[in-house]
Amino acid sequence: MAAGRWRRAGSALFRVIVVWAVSTLTMLALAGILPDFRLESARGDSATTVAITAGWGAAAFGLLSALVWPVVVRALLLVPALVLGLLVFFLNGSLLLVALDLIPNGRGTSNPETAVVVAAVMSAVASATSTGLAVRDDEAYRRRLSRLASRRRRRSGADTGRGGPHGTVFLQLDGVGHAALLRAVHEGLMPTVAGWMGSTHRLHSWRTDWSSQTGASQLGILHGSNHDVPAFRWYEKETGDVMVCNRPASAAELQRRAAGRTGDAGLLTVDGASRGNLFSGGADELALVLSVAARRDRDHRSRAGYFAYFSDPANAVRTAISFFAEVGREIGQSTRARARQVEPRIKRGGLYPFIRAFATVVERDVVVSAVIGDMFAGRTAVYADLVAYDEVAHHSGPHSRDAAKVLARLDRSLALMAKAEEHAPRPYRIVLLSDHGQSPGQTFEGAYGLTLKDLVRAGCGLPVPRRAQRTRSGSEARAAVRVVLHRPAPAGDETPPDPGSDPVVLASGNLGLISFPDAPGRITREELDRRHPALLPTLANHPGIAFLLLASEEHGSVVLGAGGAEVPVALLADGEGPLAGFGPGAADAVRRTDTFPHVADVMVNSMYDPETGTVHAFEGQIGSHGGLGGEQSVPFLLTPLDLSAPLDEGQLTGAEQVHRVLRRWLTECRGPEVPLGPSVPVPDGTVPGGAA
């Protein structure tokens, strides 16, 4: 509490000093421009003396404006508005003349007409500077949003009291694993979360599916099914398409499939809002939702959230200042990492500083503002995704100082939303959760000098390019930038192959997928051995690969490991054979993925070192997720104590089970979601309350 008061006092003092400095520079500039306004004696003074004089004058004028002006305005409340408007300039000029008289050395002079001009300019500059600084202050920003919401409620005639059933806000910290959250709390980076953990909330961990990435997790959490989502990107033989979770068309199709499988529009069907997510969850209130990005109607297009936010000039100033500060911060951090030869390290040049700033500032500010607006509007259920940590951890590492600073800033955003909740028309329960974690480690290419695609081509006897092509990183922030700027998805490994072409090799963190377009259905181990006898031994015995999953004519499906290890999927056991070290739940996760219609011909999981927690991503990331191994598979759930425990015993497993728990909590908050009944069909290409 005391620390917060000192922080607010320090922030206020900083604003006063900055406004004073800017006012001093303004006074110096005006003295050089206006002939009847002088800050020096007739004989002339040194630059230092003139600067000191300007400082005295600016301080005196600011002090008089703060102390005298409110009293004068109160005394003139009965004066007609037109007369008062004219008096403002006269009184302001009079205050400046008094301020010049208060300068100790007596060097400030001005005639009355010029004093009016100088006072008007200085007041405008001081006001603009103060506003620019205040919009970056979270407390001032929260108070401003609260005032705007109260005015809207009064204008609409809504009840301004606080009551009714609880609403629920689900805040997803993208990529923050259970262990990462505990480290941040222990190191004092997240005092807001620490306060919740110590008093009002309980912390749980849960295990993801094999595909430990936002597409699979969020589809399961919001729509109740992530069946047939084997990875972040995969190849579908029957259509020749490459599905990518952060492409609008793919996201819309995945949402349609999930709704068709469950007969349910999603978690947020009744009076819900979806903010910054890949999927809508069935909500009618949408902002920055990728699955509706292709829509062109005003209410549902993904970019509408940006337009609504930036239509307020104060929001634009607040975010623009932070955006360019973040660009500078990234350039400085990456330069420092290169100078210190930090390893592992990947290239962070080009447009990346701007993409990072978009994720850590623009998306954060838009989503936080939307969530606060949802609470002020009294909506029943809100689900929002904050992607800042995930973006930075991919490029700087999940245990890096850069990522830690992002967590500290996210904690301040959580505090801002929690404070705003106190002014909402109904009480809210805030549930904090993550969709996956991140595991550190050098990239596969960085560790071994070739990509997974190179290794597959070598095993198939195909030519390997001398210079490996860069494997594109799967970033929600990059996809969001493309949507906002109307940019098409880039070509590359995700381009649909020609029929009968070479193997399709795709990466999803430390999970690789190999498909053979010319082989109908799922190719078997025996057929692969006949076609490419060196491929499977090359992959299974590589030190950067832990195990392979593929179909078998003899065993149905098998898992292959180093040294000729071969285990039928039905006999897989946690911690044994190729799955040694991968922890509980790994065998069931592999078995479930094996049942998916679009599982790849060969699924490749990178090595995992249990002692260091490291994996090797098959794409350009030194913090990755998407497969099995380490912290990436163990996200968290931080829930209010007055909600029931997720499970009576054991650990939550899979995003679909998390969905069922969140539904139960909405019912406990007296805000149940209504699933689609048999009389409400899901037409082809449409998701009720969601995306097409």
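## Close-up views of a predicted model

**View 1. P344 sits in a loop between two helices.** P344 lies in the loop between α11 (313-339) and α12 (352-377). Helices (H or I, at least four residues) and strands (E, at least two) are DSSP runs, numbered from the N terminus. A cis peptide bond joins E343 and P344. Its omega is about -5°. This is a predicted model, where local features need pLDDT of at least 70, side-chain atom pairs count only at pLDDT 80 or more, and totals for chains, interfaces and linings use all residues. Residues are numbered from 1 along each chain as its sequence is written, and side-chain values use heavy atoms, with hydrogens and water left out.

**View 2. The whole protein chain gives the setting.** The protein chain has 21 helices and 22 strands. It has 692 residues, and 54% of them count as buried. Buried means under 20% relative accessible area, exposed means over 50%, and partly exposed lies in between (1.4 Å probe, protein chains only). The accessible surface of the protein chain comes to about 29,000 Å². Carbon and sulfur atoms hold 58% of that surface. These areas come from the Shrake-Rupley method with a 1.4 Å probe; for residues, only the protein chains shown count as cover. Now take contacts in the protein chain between residues at least 6 apart in sequence: 72% of them join residues at least 24 apart. Contact means heavy atoms within 4.5 Å.

**View 3. Eight strands form an open sheet.** The order is β8-β7-β9-β3-β10-β21-β4-β22, and the pairing is mixed. β8 (285-287) and β22 (652-653) stand at the edges. Each has a single partner strand, so one side of each is left without a neighbour in the sheet. Two strands pair if DSSP finds at least two bridges between them. Strands of a sheet pair through backbone hydrogen bonds, either parallel or antiparallel. Strand β10 (residues 428-433) and strand β21 (residues 636-640) run antiparallel, joined by two bridges. L433 stands opposite L637 in β21. Helix α14 (residues 401-421) packs on the sheet. Helix α14 touches β3 (167-173), β9 (381-386) and β10. The direction of α14 makes about 175° with that of β3. Axes are lines fitted to C-alpha atoms, for helices over the stretch in contact, and angles run from 0 to 180 degrees between N-to-C directions.

**View 4. Six strands form an open sheet with antiparallel pairing.** The order is β12-β13-β17-β14-β15-β16. Which strands stand at the edges? They are β12 (504-508) and β16 (566-568). Each has a single partner strand, so one side of each is left without a neighbour in the sheet. Neighbouring strands of this sheet are turned by 20° against each other on average, direction ignored. Five bridges join strand β14 (residues 545-552) to strand β15 (residues 556-560), and the two run antiparallel. S552 stands opposite G556 in β15. Helix α16 (residues 452-459) packs on the sheet, touching β12, β13 (511-515), β14 and β17 (602-606). The direction of α16 makes about 150° with that of β12. Helix α20 (residues 586-594) packs on the sheet too, touching β14, β15 and β17. The direction of α20 makes about 40° with that of β14.

**View 5. Helix α16 is mostly covered.** How many of its eight residues are buried? Six are. They are L452, D454, L455, V456, R457 and G459. These buried residues pack against α15 (444-448), β12, β13, α19 (535-540), β14 and β17. G461 follows α16 and has a positive phi, near 75°.

**View 6. Helix α8 crosses helix α21.** The axes of helix α8 (residues 214-223) and helix α21 (residues 655-668) come within 7 Å and cross at roughly 30°. That makes α8 roughly parallel to α21. Angles under 35 degrees count as roughly parallel, over 145 as roughly antiparallel, 65 to 115 as roughly perpendicular and the rest as oblique. From α8, the contact is made by A216, S217, G220, I221, L222 and H223. From α21, A655, E656, V658, H659 and L662 take part.

**View 7. Two loop residues have a positive phi.** D228 lies in the loop between α8 and β5 (233-236). Phi of D228 is about 65°, although D228 is not a glycine. D228 is buried, with a relative accessible area of 9%. L288 lies in the loop between β8 and α10 (304-310). Phi of L288 is near 60°, a positive value in a residue other than glycine. L288 is buried, with a relative accessible area of 6%.
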